[in-house]
Amino acid sequence: MNTFIETMAERAKLCPKKVAFPEMGNVDILRTAQRTKETGIGFPVLMGKQEEIEAFAKENGIVTEGFEYYDYTEEENRLALAEEYTAKYDEFSAKAVARKSKDPLRAALFLLKLHHVDCVAAGKEYSTGDVIFESIAIVGMQEGVESVSSLGIADIPGFDGPQGTMLGLADCAITAQPDAKDLAGIAISSADTASKLLGWDPRVAMLAFSTCGSSEHESLEVIREAVQIVRESRPDIKIDGEFQLDSAIIPQVAERKVKWESEVAGKANILIFPNLHAGNIGVKLIQIFGHANAYGPVLQGFSQPVCDFSRSAPVEEMLGNVAMLVIRAAAEELAAKADEN
């Protein structure tokens, strides 16, 4: 287990949560569930028939001790879930909930909405599109955020920023061409994720090919508008831009190029790319030429914690994603309790 994943696992052990795993036909998912229980970072809730899951696990040498099960294939369970859901929410009819719950991912998301589990981990069998679509439909979006996005966490050898060698990068996986509201949502979600997950004091830089109006183009107006939206809706977030990359992370360059006092310029720890082209290219550049390790991407923007595994992810990486999911669930639970008080 590498240092970052080990750190996440140690933090998750302090606040273990129930994690629903819908993809019970996948050996790596079962191994991840086993490791989740063994390491103490969470309590796996497996979707399906207990006897079938345990037989499949036994065939593959997987220990199921400590697992919980929710059998979505039993009509009685689906009808009870539908009754409970419609007593609290009116987005779907009881008939629709019972029908949708025949699918294990949807059933897991209904359990999440009702707080029977704390988070849902999927993506080895379901596509990213499936996970996002169903999560938006059932769990819904975080207040003030209009689109789902992702935060990647890069560990860059030789980089020395506010978090040492670590840097947050968004959005590098989901939103192709964000408008101003989308970009603002990405910035808000990324700041919240970094604060809850990593304990950082977020300093969010909106990246562009221009610094502080050094160039003019209609595409820059989208970025400037996004900064204003965040400042008005979330004045607690430190955000600034537009900045070129060097102005965002190198203090000496920021001193020369940035025309105003800034809490972010030269000391950003979260970089928001203007579109997915830039984000995808940027993260691959630092991985290939900077030999960086990149963790995640962490799905963000949902009102409750959901993660999407990469289909090629090994078990250790998936365990790290589960640990991050658990930490986020615990942080959001604490925030909800604080709001109630």
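A salt bridge here is a side-chain nitrogen of Lys or Arg within 4 Å of a carboxyl oxygen of Asp or Glu. R231 and D240 make one of these, with 3.0 Å between the closest N and O atoms. Before going on, keep in mind that this is a predicted model, in which local features need pLDDT of at least 70 and side-chain atom pairs count only at pLDDT 80 or more, while totals for chains, interfaces and linings use all residues. Residues are numbered from 1 along each chain as its sequence is written, and side-chain values use heavy atoms, with hydrogens and water left out.

Back to that pair. D240 is buried at 3% relative accessibility, whereas R231 is partly exposed at 36%. For these labels, buried means under 20% relative accessible area, exposed means over 50%, and partly exposed is in between (1.4 Å probe, protein chains only). The general idea behind such pairs is simple: side chains of opposite charge can pair when their charged atoms come close.

The structure holds 21 salt bridges, and a couple of others deserve a look. R224 pairs with E242, their closest N and O atoms being 2.9 Å apart. Helices (H or I, at least four residues) and strands (E, at least two) are DSSP runs, numbered from the N terminus. Both partners count as buried, R224 at 18% relative accessibility and E242 at 2%.

E134 is buried, at 11% relative accessibility, and R106 is partly exposed, at 23%.

Now for the backbone. Most residues other than glycine have a negative phi, and most peptide bonds are trans. Where does this model depart from that? H115 has a positive phi of about 65 degrees although it is not a glycine. You'll find H115 in the loop between α6 (104-113) and β4 (119-122), where H115 is exposed at 59% relative accessibility. H291 also has a positive phi, near 55 degrees. H291 sits in the loop between α12 and β10, and its relative accessible area of 59% makes it exposed.

Then come the cis peptide bonds. One joins A170 and D171, with omega at about -15 degrees; D171 is in the loop between β6 (166-170) and α8. Another joins G296 and P297, with omega at about 0 degrees, and P297 lies in strand β10.

G296 and P297 turn up again in the second largest pocket: its lining has 25 residues, and C172, A173, G296, P297 and S310 are the ones nearest its centre. A pocket here is an open set of points on a 1 Å grid over the protein atoms alone, where a 1.4 Å probe fits, with protein on both sides within 12 Å along at least five of seven lines; lining residues have an atom within 4 Å of a point. The space in this second pocket is about 490 Å³. β10 gives the most to its lining, with five residues. By class, the lining has 13 nonpolar, eight polar and four charged residues.

The largest pocket holds about 690 Å³ of space. Of its 29 lining residues, K196, S303, E332, E333 and A336 lie nearest the centre. Two or more lining residues come from each of α8 (180-198) and α13 (315-340), and α13 gives the most, with eight. Here the lining has eight nonpolar, 10 polar and 11 charged residues.

I281, L285, I288 and F289 form a nonpolar patch with about 440 Å² of accessible area together. Patch members have over 30% relative accessible area and no salt bridge, and nonpolar side chains (Val, Leu, Ile, Met, Phe, Trp, Tyr) are joined within 5 Å, like charges within 9 Å. F289 lies in the loop between α12 (276-288) and β10 (293-300), and is exposed at 64% relative accessible area.

Key. Areas by Shrake-Rupley, 256 points an atom, 1.4 Å probe, with all protein chains shown as cover. Points joined across faces, edges and corners; volume = space filled by probe spheres on them. Nonpolar A, V, L, I, M, F, W, Y, C, P; charged D, E, K, R; others polar.
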